[in-house]
Amino acid sequence: MTTPSRYWREIPQRYRLEANKCKNCEITFFPPRLICPQCKNRELEPIKLAETGKILTYTVIRVPPHQFVDQAPYAVGIIELDDGVKITAQVVDCDFEDLKIGQRVRIEFRKIFQEGESGILCYGYKFVPE
Amino acid sequence: MEGIIGYGAYIPRNRIKVEEIAKVWGADAPSYKRGLMLEEKSVPSPDQDTITMSVEAAKYALKRALIDPLEIGAVYVGSESHPYAVKPSGTVLAEALGATPEVHTADFEFACKAGTEGMYVALSLVKAGEIKYGLAVGADTSQGAPGDALEYSAAAGAAAFIFGRENLIAKAVESYSYMTDTPDFWRREYQYYPQHGGRFTGDPSYFKHIIGAAKGIMNKAGMKPSDFNYVIFHQPNGKFPFRVGKMLGFEKRQIEPGWLVNKLGNTYSGSSPMGLTATLDISEPGEKILIVSYGSGAGSDAFVFEVTKRIDEARDLAPRTRDLLDNNKNYLEYGVYAKFRQKIRKAD
Ligand SMILES: [Zn+2]
């Protein structure tokens, strides 16, 4: 169950791919962190991740968690964005047999799931072939 | 001078053909295709709705406008299929674009006219000097009742426009509205599908208001049909725009560039605005465009735009509307379409 407050806290990263970067060791954190775990530095600058990238690996989910039952089967991939950051997300608008490692993708704003018939609608990023 | 500084459209990739729908209901597909000039329509995926399509169309508009989203002072979404009954679509859109928190946001609703309504208000606020940039989106994922004539046309799509005062793609030369209380189409609270007045949706509704608005704005601007290179009318089916165009003295060639309905369907609040995006895609500096929307209930908004030379650099900063319409299609069978549109009753 996603509570409205948890969903709300994650809006900057879910909607706009907002991350941050340690000014010291230049590591990017997504979701953003308050303290760099590497050097304990508290000076992190906000950045926005790239909206395009390529598929590093993927799988097709046929038996999903309950919020995603209506969407099954669907593909989930690890995407390496053009700025080097790797994120996990659904890959949609594609035929599974056409998916390949190395394929170029870009983000699109989609509904991720909804809390039943009366709960909140949760939006965020998915990937589509470029 | 105020006008359009960025525009964009979005169309889901799923399509269903008229034959596929007609087969299920035992209807005569050729007569629908001839009578309504419809071939296929767009269908949203289960993870697409008015909000998601608005975000994508608006992002394309931002690509053409080349502005900082934080400078957008108003974000309006016009739709009759806002995903929430209570909670704005516009806040999600503004947040996704990074336009919050100094922004005025509202959702508009007026059958198929809600998109141009937002355009009217955003443009007016820019004219008044209240805001630097205003964003207006018309988007819908409308539903027709299974087997109803509307099921052949009710489609999904979005168009977004950013208005401003500098670096215009098209100058806003004139705007005008024409409105009466006419109950030709409605949906009561808690009802899933809309109802319509059948033939009543024609003469006293669509034709009367579009003709009223078109004549009104041409009179106000001192222009006549032959002064325009292009005209876009609301497209509930393929035939109505050509018929109303003929009644007003426009020619087929003026209508065709923005006429998307045969392959797109009726995208309701997105309909005439998407026609405007397709028209801007092919227009040349100096050309003049008339757009007249129609929303049941009933009324029309009309705008006259004059394309500037910036169109040549802005046009290909985002996908063209006809490319979105013609490429990357995914044809659905009725069963999957019914599942996607939640027309199948499942156990709790
Ligand atoms: Zn560090």
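**Two helices in chain B**

I noted that the contact joins Tyr206(B), Phe207(B), Ile210(B), Ile211(B) and Ala214(B) of α6(B) to Phe240(B), Val244(B), Met247(B) and Leu248(B) of α7(B), where contact means C-beta atoms, placed from the backbone, within 7 Å. I sorted these residues into nine nonpolar, no polar and no charged.

I then looked up the axes: those of helix α6 (residues 202-221) of chain B and helix α7 (residues 239-248) of chain B come within 10 Å and cross at roughly 50°. That is why α6(B) is oblique to α7(B) (under 35 degrees is roughly parallel, over 145 roughly antiparallel, 65 to 115 roughly perpendicular, and the rest oblique).

**Where the numbers come from**

I am reading a predicted model, in which local features need pLDDT of at least 70 and side-chain atom pairs count only at pLDDT 80 or more, while totals for chains, interfaces and linings use all residues. Residues are numbered from 1 along each chain as its sequence is written, and chains are lettered from A and ligands numbered from 1 in the order in which they are written.

**The whole chain**

I found 13 helices and 14 strands in chain B (DSSP runs, H or I of at least four residues for helices and E of at least two for strands, numbered from the N terminus). The C-alpha atoms of chain B fill a box of roughly 55 × 45 × 40 Å along the principal axes.

Methods
Axes fitted to C-alpha atoms, helices over the stretch in contact; angles between N-to-C directions. Nonpolar A, V, L, I, M, F, W, Y, C, P; charged D, E, K, R; others polar.
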